[in-house]
Amino acid sequence: MRKRLILILSLVSAFLLIARAVEFKFPLKSDSVRFAIIGDMGTGEAPQYEVAQRMINAFDFVIMLGDNIYGGSSPKDFEKKFEVPYKLLLDAGVKFYASLGNHDNPNERFYKLFNMNGANYYTFKKGSVRFFVLDSNYMDSKQLDWLEKQLQDAGKKDWKICYFHHPLYSSGKTHGSSIELRSLIEPMFIKYGVDAVFSGHDHVYERVHLKKALTTSPKLFWPVAEGDLAKTGITEKGFDTDRTFMLVEVAGDEMYFQTLSRAGNEVDSGVLRWSVRLPAAATE
């Protein structure tokens, strides 16, 4: 018990010191929606703890891109690989909304702190943003029908953000683009005006720019395999030399995003504007 207490106190001290050093590029409007993005992180090893220390409470909730718990799903695994690393955030009331990765036990959907409420795919809304959380491990006809209905019912007034584990486009050397998954869901994303897509699986950070309706989609690939990012024409911004996390603020017609490394350095930042939802005749 004493060793664990010392560990937690050490994390608190590091958290406070680092928080002063990170510069955030957001308007921080009173009615905005602010969230963080992590994925492929559930190892329980030192790098996960180090990134967690960087994640100060400048956001309201966290979305998770899958591979949340590697190597087991016992209560001790959830404690070591989720509850302790993110203790400060959990204690502050920050909620985490998980999607399932290929290394996850499907029963994680019943874990209370992942807020999946027993469903492997679901939707939720925060302010002017509607989130669609998919299970890219099993994209069957039932989930596809559900997704189309949810996108259609969402209308055109809210931002639409989808997230799941396997990337539709990726320059990662290990896995690359999920072509079959893309053929199933990208047409719906374009048809119903999805604004941004976030995925994991390939262990690099890449923001992809496509010459089609679904464009300038910041995508997060979290734990890094050094040098695993190939050079392709779809990469707007890439990074593969350290672990990262992402912060987002949706304020009115603008979505601000900033990606930071484990060392606290800015990897990427920018603004996605509402106009990205307008239909485009151009193709990739």
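Helices here are DSSP runs of H or I with at least four residues, and strands are E runs with at least two, numbered from the N terminus. The model you are looking at is predicted.

**Exercise 1.** Find how many helices and strands the protein chain has.

*Solution.* Next, look at burial, where buried means under 20% relative accessible area. Of the 284 residues in the protein chain, 55% are buried.

**Exercise 2.** Work out why helix H2 is largely enclosed by the rest of the structure.

*Solution.* Start by locating helix H2 at residues 46-54. Then pick out its buried residues: Pro47, Gln48, Tyr49, Val51, Ala52, Gln53 and Arg54. Seven of the nine residues of H2 are buried, so the rest of the structure largely encloses this helix.

**Exercise 3.** Trace the order of the six strands in the open sheet, and say which strands lie at the edges.

*Solution.* Step across the sheet in the order E3-E2-E1-E11-E12-E13, noting that the pairing is mixed. The edge strands are E3 (95-98) and E13 (266-273), each pairing on one side only. Now compare directions: ignoring which way they run, neighbouring strands of this sheet are turned by 20° against each other on average.

**Exercise 4.** Describe how strand E12 pairs with E13, and find the residue opposite Met255.

*Solution.* Strand E12 covers residues 254-261 and pairs with E13 in the antiparallel sense, over seven bridges.

Conventions. Residues numbered from 1 in each chain as written. Predicted model: local features only at pLDDT ≥ 70, side-chain atom pairs only at ≥ 80, totals over all residues. Heavy atoms only, no water. Buried < 20%, exposed > 50% of the residue type's maximum accessible area, 1.4 Å probe, protein only. Pairing = 2+ DSSP bridges. Axes fitted to C-alpha atoms, helices over the stretch in contact; angles between N-to-C directions.
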